[in-house]
Structures are given as structure tokens and as C-alpha cells.
Amino acid sequence: MSQDTIIAVATPPGEGAIGIVRLSGPDAIQLINPFFPSRDLLRARARQAYFGTLRDAEGEEIDEVVLTLYRAPASYTGEDAVEISCHGSPYILQRIVQLGGDAGARPAGPGEFSQRAFLNGKLDLSQAEAVSDLIASRSAAAHRIALGQLRGGVSNEIGDLRARLIDFASLIELELDFAEEDVEFADRGQLSELVAEIRSRIGTLTTSFRLGNAIKEGVSTVIAGRPNAGKSTLLNALLNEDRAIVSNIPGTTRDTIEEAVNIGGIRFRLVDTAGIRDASDAIEAMGVERTLQQVAVGHVLVYVFDVVETSPETLAADLDRLYREDLELVVVANKMDLNPYTKYVHYFGPEYAGKWQVPPERFVPMIASERSNLQYLQDTLLNIVTDGRGGIDAQEIILSNARHYDALRRADAALERVAEGLQSGLSQDFVAMDIRQSLRDLGEITGEITTDDLLGNIFSNFCIGK
Ligand SMILES: Nc1nc2c(c(=O)[nH]1)N(C=O)[C@@H](CNc1ccc(C(=O)N[C@@H](CCC(=O)O)C(=O)O)cc1)CN2
Ligand SMILES: Nc1nc2c(ncn2[C@@H]2O[C@H](COP(=O)(O)OP(=O)(O)OP(=O)(O)O)[C@@H](O)[C@H]2O)c(=O)[nH]1
């Protein structure tokens, strides 16, 4: 276990009403004690807040503070800890860190408090990662997923799968001990069933990653179309503000504009692009090139066209150029106010899109300048992410961590070999080997199986003071 005491500012940089410096480690309390003369902290009760003056080694006043004590193991890190809550001045915070440093504490590395919480068994690895996700969460959905994971949602599910595999693994291992006698303690039929069930639960989790990842990172949504189609107007409508310049001069948007908007608790990163056309001047050609690049990395493509100006051939040609597999396509038929056949375009929408056959729920007739049918577009976007559910279920476990996804995929590959091995009557040592492999893969998620590299990788991405 770690012997040194660490110190760091726990609040964000810059001025604030209050700033917090946190210390954790065996010397945390006695190290601060001489600088807080109003009370003997060695005898003070833990988990209570004390008001007093913090002084430096010369006895000079640093600030009036509130100090909180924790005694091992009842703290976030599981160690003795002190939190000094001072006035939120960067100067004061730095003086306190300096004071603690001079008295023998070491500046904490990124995520070191949480790493200690993990090493002391306060959190498992997936929960420690959830702390970091929770801090980074910027939408209701991301918050919900991170909190579920912190509460042990992912851990319990993985722990359960692992426990059931371990039972069977031990029976197979037992057979290995009696190899000469050719006995079977583990019922092959039952084992096959178990493997199938576990693989199906892994499948549910890995499928949820697409949603979880989109929610965590924000859904990259590219708005593209011909010049003057109304892309910037649409962006402004979605943002509910005048972010992009709207004009009737085609080619107004030469650069891409990116803004995030919250729809139904999910963050969409909207990218307004330069209009696509066979550009005559060089700057515009660059803009078009950038549009294609944006589309290439986007998740959703909102193709906007002007219902008066756009022929079905143009529409099809644009989609031919922009579309690629894996892209979620939404077609917005804009300027419906100018179309004398308004209701027919709505009805014939899918046919209008030619060979593209956009399903009706992906075809959105709009008057962007009047925000008309905006709600339908918002619902369409939300349904793409939530697979038509219009929101996410509070109880559902949704995977949002790429490391977990990767480990589950590997566990599943090992279990697939187990299933094949059982089917073809492969000898038990091979089957046992693959079961052990899948157990290791699952164990990596919660941190039962770790390496220093893995931990270093995870915690170095946390912020300092966490
Ligand atoms: N001031 C302060 N606020 C904070 C934290 C903190 O460390 N300090 N947190 C941290 O980042 C989060 C809260 N998480 C915490 C988790 C565990 C314990 C703790 O003392 N656990 C003990 C006692 C549990 C109990 O009384 O039920 C333990 O687990 O033994 C404290 C905070 C958010 N707010
Ligand atoms: N009548 C009508 N005009 C619209 C509608 N939506 C946008 N417009 C107008 O169409 C013109 C072009 O709109 P923009 O939003 O700038 O179009 P854009 O696609 O971003 O254009 P570029 O920047 O050239 O690529 C503006 O004059 C808008 O006011 C609509 O639904 N109906």
C-alpha cells in the first residue's frame, strides 16, 4: 500500500467562491496540524468540519478555512485524508499546496486519489472510470450512464457473468486433475447452454456500446446540401439562436461551424458545412472538400435540399456523393412554403428521393426559416440514437467505455472457441484454457485482473486532484 501522502487542488483552475485542497495518506492529518492552531487535529473527530485560520510555517496567516478530517478507512481513498476549503483564489490554493509540500506531502499525479481508492478496494476499476465520466458528463443521458456505472451497474453484471463461469471452470479444472480416469464432472450440455447465455448477455452489452459511446462523445451530425438550401437557417433553428450567418447569397458558409445542442438529454454535435457544388473558386472548393471530410467522420448526415430548386436527379447525385455505409441519413425537404404541391411532396417524399428510398420517418419536410416541423426533425434525430425508443431506460445498463467494449469482445471471442470446442468434443484442457481467457478478459473490466500499464493508462487520463 502507498506510504506517502499526496496533495492537490481539487477544484478547477481560476477564481471561485471556494477552493479545495485535498490531502490523502498516512501523514495527512499530522502534517497539517501545526498550521491550524485553533484545534488539535490529532484529537479532533473525523468527518466533521472545523473552522479556523490556516497559517504558514512562520505563523503568518494564509486564509480563514474550513477543514474536514477523514480517518482510514472511512474516506474516499480509504486513507487518512484532510480537505481544506479556502477562499477560491489561485494564489491561496497554491500557497496551501506549497505549505503541504514543504511539510512533506507530494503533489498528486492525475487520478491518484481515485487510483488509491481503487487500490484500497473502495471502488473497482469500472467504478473509478465512472467517476471520471461523471465529471465529464455534459448531458442528462451521459450523467445517467456514468452514475449507473458508479453505482456498480456494469460491475455487477460482469461480476455475475464471471461468477457463473468460474463455477464451471472449476469443474473442468477438476477433470484435468483426474485426466487419466477420463471423468466428466461438468455436464457438457449444461456448459454449452451457459456459454450461449453468457454470450447473449455480452451481446446485449456490446450492442449498447453504440448508443453509450454516442451519448458520451456527443453524436456527430453533419448538415450538408447545396448552397442556399437553408443549412445555416436549420442550424440556427436547432440551436435556437443566430449562430451562423444566413443570407440569400449562395456560398455564404465557406467554413464549417460546429455547435453542440442538447436534444432529449443527448448531445448532438452539429456541423454546418459549406454548400456542395462544383465550385468555381478555390476557397469554395476547399470548403466542399472539408464538407466531404466532415461527412466521412460523421455519425448522422442531415441532407437539406430546397424543394423548389432541386431536381430529383440533383438530389440523387448529391446523396451518391455524400453517402457511405454506417451513416444515418435524414433528408430535410426545405422551403415547403414555396412549394405549390406541399402536401404531395410530403406524401411522395420517399419517391422524391429517387433510388434512395428514404423511409418516411427519415424524410422531414420543413420550413426552416419558420422553425416549422422542427420538432419532427428533433424526434427523428433522437430516435436514431435511441433506436426508436425516444429516450433511454433508467434501469438499462449501457456500455459507454471503449475499454470495456474491447474486453467484452475479447471475452466473447474466447467463449466462441469454448462453444466450438464443446461442440466438437475438444479435450478439456483446451476448453479450460479458453474459459480462463474469457475470465481474464472479463476481470479486466472490473480490475480483478490488472497490470501497472493498464492502471497507468486509465488514471493518467483523469484530472489532477481527482
Ligand atoms: N468534499 C468532498 N466532496 C466530494 C468528494 C470528496 O472526496 N470530498 N467526492 C469524492 O471524490 C465525491 C463524493 N464521494 C465520496 C465517496 C466516499 C467518501 C467516504 O468518506 N467514504 C467512506 C465513508 C462512507 C460513509 O460514511 O457511508 C467509506 O467509503 O468508507 C466520501 C466522498 C463528491 N463530493
Ligand atoms: N422561403 C424560405 N426561405 C428559407 C427557408 N429556409 C431558409 N430560407 C432562406 O434561404 C436563404 C439561404 O439560407 P441559408 O440558411 O443561408 O442557406 P445555406 O444552405 O446555409 O447557404 P450557404 O451558406 O450558401 O451554403 C436565406 O435567405 C434564408 O432566409 C424556408 O424554409 N423558406
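How far from an oxygen atom of ligand 1 does a polar side-chain atom of arginine 22 lie? In this predicted model, the distance between a polar side-chain atom of arginine 22 and an oxygen atom of ligand 1 is 2.7 Å. The surroundings of ligand 1 comprise Arg22, Arg47, Tyr70, Pro73, Ala74, Ser75, Tyr76, Glu83, Lys122 and Lys466.

Proline 73, one of the residues around ligand 1, belongs to the loop between β4 (61-70) and β5 (81-88). The peptide bond that joins alanine 72 to proline 73 is cis, with omega near 0°. Backbone exceptions of another kind occur in two further loops. Lysine 335, in the loop between β11 (328-334) and α11 (342-347), has a positive phi of about 65° although it is not a glycine. Arginine 371, also not a glycine, has a positive phi of about 60° and is located in the loop between β12 (363-365) and α13 (374-385). Most residues other than glycine have a negative phi, and most peptide bonds are trans.

Helix α6 (residues 153-177) packs against helix α15 (residues 428-446) at an angle of about 155°, and their axes are 9 Å apart. Because angles over 145 degrees count as roughly antiparallel, α6 and α15 are assigned to that class. The crossing of α6 past α15 is left-handed. Contributors to the contact include Ile158, Leu161, Leu165 and Ile172 of α6, and Val431, Ile435, Leu439 and Leu442 of α15. The contact residues comprise 14 nonpolar, 5 polar and 5 charged.

Methods
Residues are numbered from 1 along each chain as its sequence is written. Chains are lettered from A and ligands numbered from 1 in the order in which they are written. This is a predicted model: local features need pLDDT of at least 70, side-chain atom pairs count only at pLDDT 80 or more; totals for chains, interfaces and linings use all residues. Side-chain values use heavy atoms; hydrogens and water are left out. Axes are lines fitted to C-alpha atoms, for helices over the stretch in contact, and angles run from 0 to 180 degrees between N-to-C directions. Helices (H or I, at least four residues) and strands (E, at least two) are DSSP runs, numbered from the N terminus. Angles under 35 degrees count as roughly parallel, over 145 as roughly antiparallel, 65 to 115 as roughly perpendicular and the rest as oblique. A crossing is left-handed if the near helix is turned anticlockwise from the far one by less than a right angle, and right-handed if clockwise. Contact means heavy atoms within 4.5 Å. Ala, Val, Leu, Ile, Met, Phe, Trp, Tyr, Cys and Pro count as nonpolar, Asp, Glu, Lys and Arg as charged, and the others, Gly among them, as polar. A residue is near a molecule or strand if one of its heavy atoms lies within 4 Å of it. A polar contact is a pair of N or O atoms within 3.5 Å; within protein, one must be able to donate a hydrogen and the other to accept it, and residues adjacent in sequence count only if both atoms are side-chain atoms.
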